[in-house]
Amino acid sequence: MQEPTEFSRPVDLRAIPRQIVELSADEAERAALARRFDIVSIGSLTATASIEERASGVDVSGRIEAALVQSCAISGEDFPVHIASDYRLRFVPEAEYEAALADAGEEIELSSDDLDTIAYSGSSIDLGEAIAQTLALEIDPYAEGPNAEAARAEYGLSTPEASGPFAALQGLKKGQ
């Protein structure tokens with residue numbers, strides 16, 4: 001049995017809700033997720049989910065919205081970030097998921113129409129954990145706050161453009 005997560009919202013697949021499901025994380029859940037994602041705080045986290053059973057698994061689609069505070073990767077200052085994103089997921093039984101991975105071999109080609117796939121066992125899925133993982137993918141681990149440029153100048157750091165792979169070519173061009 002899997003350990004409960006910070007934002008657990010199990011959905012029994014034997015009685016899939018026909019209406020749109022609304023999820024909202026409480027203060028303790030948001031604090032635990034902020035620690036897990038190594039960000040300053042999560043002020044709000046809400047999501048909607050439409051759940052449909054299909055022959056290929058259970059498809060879930062909806063929208064996630066979150067207000068968080070992150071630290072700037074350059075200056076270290078905290079700044080607010082708003083995330084609003086549509087998502088689409090497919091839940092498949094664990095045995096089918098592992099068989100598909102074995103059949104795929106070492107490389108898997110994904111198209112833009114492919115859904116993120118999550119394996120499950122038993123008769124329920126954890127929609128809250130899926131939302132948490134979706135949020136984690138939306139968080140920029142190298143987010144730069146509004147004062148990043150000033151911090152670069154103060155500490156003598158170059159911009160990514162000035163130190164990137166084309167910076168040397170630009171230097172050669174100036175020397176002509």
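I started with R54, which is partly exposed at a relative accessible area of 42%. My cut-offs: buried is under 20% relative accessible area, exposed is over 50%, and partly exposed lies in between (1.4 Å probe, protein chains only).

The model is predicted, so local features need pLDDT of at least 70 and side-chain atom pairs count only at pLDDT 80 or more, while totals for chains, interfaces and linings use all residues. Residues are numbered from 1 along each chain as its sequence is written, and side-chain values use heavy atoms, with hydrogens and water left out.

**Salt bridges**

I looked up the partner of R54. Its side chain meets that of E52 in a salt bridge, 2.9 Å from N to O. The criterion is a side-chain nitrogen of Lys or Arg within 4 Å of a carboxyl oxygen of Asp or Glu. E52 counts as partly exposed, at 35% relative accessibility.

E52, R54, D59 and R90 are joined in a network of salt bridges. The structure holds 11 salt bridges.

Next I checked E65. E65 forms a salt bridge with R63, with the closest N and O atoms 3.5 Å apart. E65 is partly exposed at 32% relative accessibility. R63 is partly exposed too, with a relative accessible area of 33%.

**Helix α4**

I moved to α4, residues 148-155. Helices here are DSSP runs (H or I, at least four residues) and strands are runs of E (at least two), numbered from the N terminus.

Which residues of α4 are buried? I found A148, A151 and R152. They cover an arc of only 105° around the axis, so they sit on the same side of α4. The arc is taken from the directions from the helix axis to the C-beta atoms. On the other side of α4, A150, A153 and E154 are exposed.

I also noted a salt bridge between E149 and R152, the closest N and O atoms being 2.8 Å apart. E149 and R152 are three residues apart in α4, which means about one helical turn separates them. An α-helix has 3.6 residues a turn, so residues three or four places apart point the same way. E149 is partly exposed, with a relative accessible area of 45%. R152 is buried, at 4%.

Just after α4, I logged G156 with a positive phi of about 70°.

**Strand β5**

Last, I looked at P93. P93 lies in strand β5, residues 78-93. P93 counts as partly exposed, at 27% relative accessibility. I checked P93 against S121: they are 28 residues apart in sequence and 5.9 Å apart in space, C-alpha to C-alpha.
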